[in-house]
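Q: Could you take a close look at the aromatic rings in this model and walk me through how they pair up?

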Amino acid sequence: MDSSYVKRSKAVTPFFNLIPESMHRRTVIAGGAVVSFPKAKDVDIWILSCGSASCMAERAVRSTIREHLHDFFGDEDFFTPEWEEKTIDVDYANADGRVLFTTQYLGKKVQILGTRFTTVTELLTHFDLSVHQAALLPGSGAIVELCSTTQVGEVIRVTNYHSPEHTFARARKLCQRYGTTVHTMDLSRLLLAQPTAPEEVEG
């Protein structure tokens with residue numbers, strides 16, 4: 001692992017403290033915080049599925065994390081970052097990604113998310129923009145990337161078109177953040193797939 005990977009790993013690794021160690025084998029941090037921590041607006045911690053889509057499994061995950069957050073932040077600290085549990089939804093267990101908890105930690109907004117995917121490769125493959133197809137593993141500090149992953153400053157590729165309007169807004173934002181562009185062919189396909197005109201999409 002080169003020095004840039006070590007630096008990225010060290011900046012993000014402390015956020016695994018928000019998840020109980022017993023769940024670390026199913027936990028990854030993926031997206032912008034792994035790519036460029038200083039520029040990231042938030043940190044996304046993903047809890048991979050154990051293969052069960054039952055509501056009981058969903059509640060067990062929530063209960064374990066909820067108890068850990070109570071213990072981690074404590075009730076007696078004068079400065080306790082607020083954390084919030086999101087309302088459970090009937091389709092959560094089958095969702096590609098859903099927010100379970102939000103909080104603030106080390107100056108960053110944090111989202112703890114659940115997903116139906118069981119491996120980090122499945123999760124990253126579903127991401128829509130190549131520049132964010134990167135994940136950090138707990139313990140080893142290894143950073144996982146796909147063959148389609150692009151580095152900061154390189155032309156961004158659109159890797160999924162499942163939500164064109166949302167992807168267009170994200171692509172525009174990430175191009176500004178990283179000082180780059182989206183591949184011309186991908187951008188054309190993205191624009192054609194949108195249900196509304198680009199100027200109607202919020203940034």
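A: W46 and F127 are both buried, where buried means under 20% relative accessible area, exposed over 50% and partly exposed in between (1.4 Å probe, protein chains only). Keep in mind that this is a predicted model: local features need pLDDT of at least 70, side-chain atom pairs count only at pLDDT 80 or more, and totals for chains, interfaces and linings use all residues. Residues are numbered from 1 along each chain as its sequence is written, and side-chain values use heavy atoms, with hydrogens and water left out.

Rings of Phe, Tyr and Trp (its six-membered ring) pair if their centres lie within 6.5 Å; planes under 30 degrees apart count as stacked, over 60 as edge-to-face and the rest as tilted. By this rule there are 6 aromatic pairs. W46 and F127 make a tilted one, at 5.9 Å centre to centre with 45 degrees between the planes. Since W46 belongs to strand β2 (residues 42-47) and F127 to the loop between α4 (120-126) and β6 (134-136), the pair ties together parts 81 residues apart in sequence. Helices here (H or I, at least four residues) and strands (E, at least two) are DSSP runs, numbered from the N terminus.

Now for F72 and F73: their ring centres are 5.2 Å apart and their planes at 75 degrees, so this pair is edge-to-face. F72 is partly exposed at 30% relative accessible area, while F73 is buried at 6%. Both belong to a cluster that ring pairs build from F15, F37, F72, F73 and Y105.
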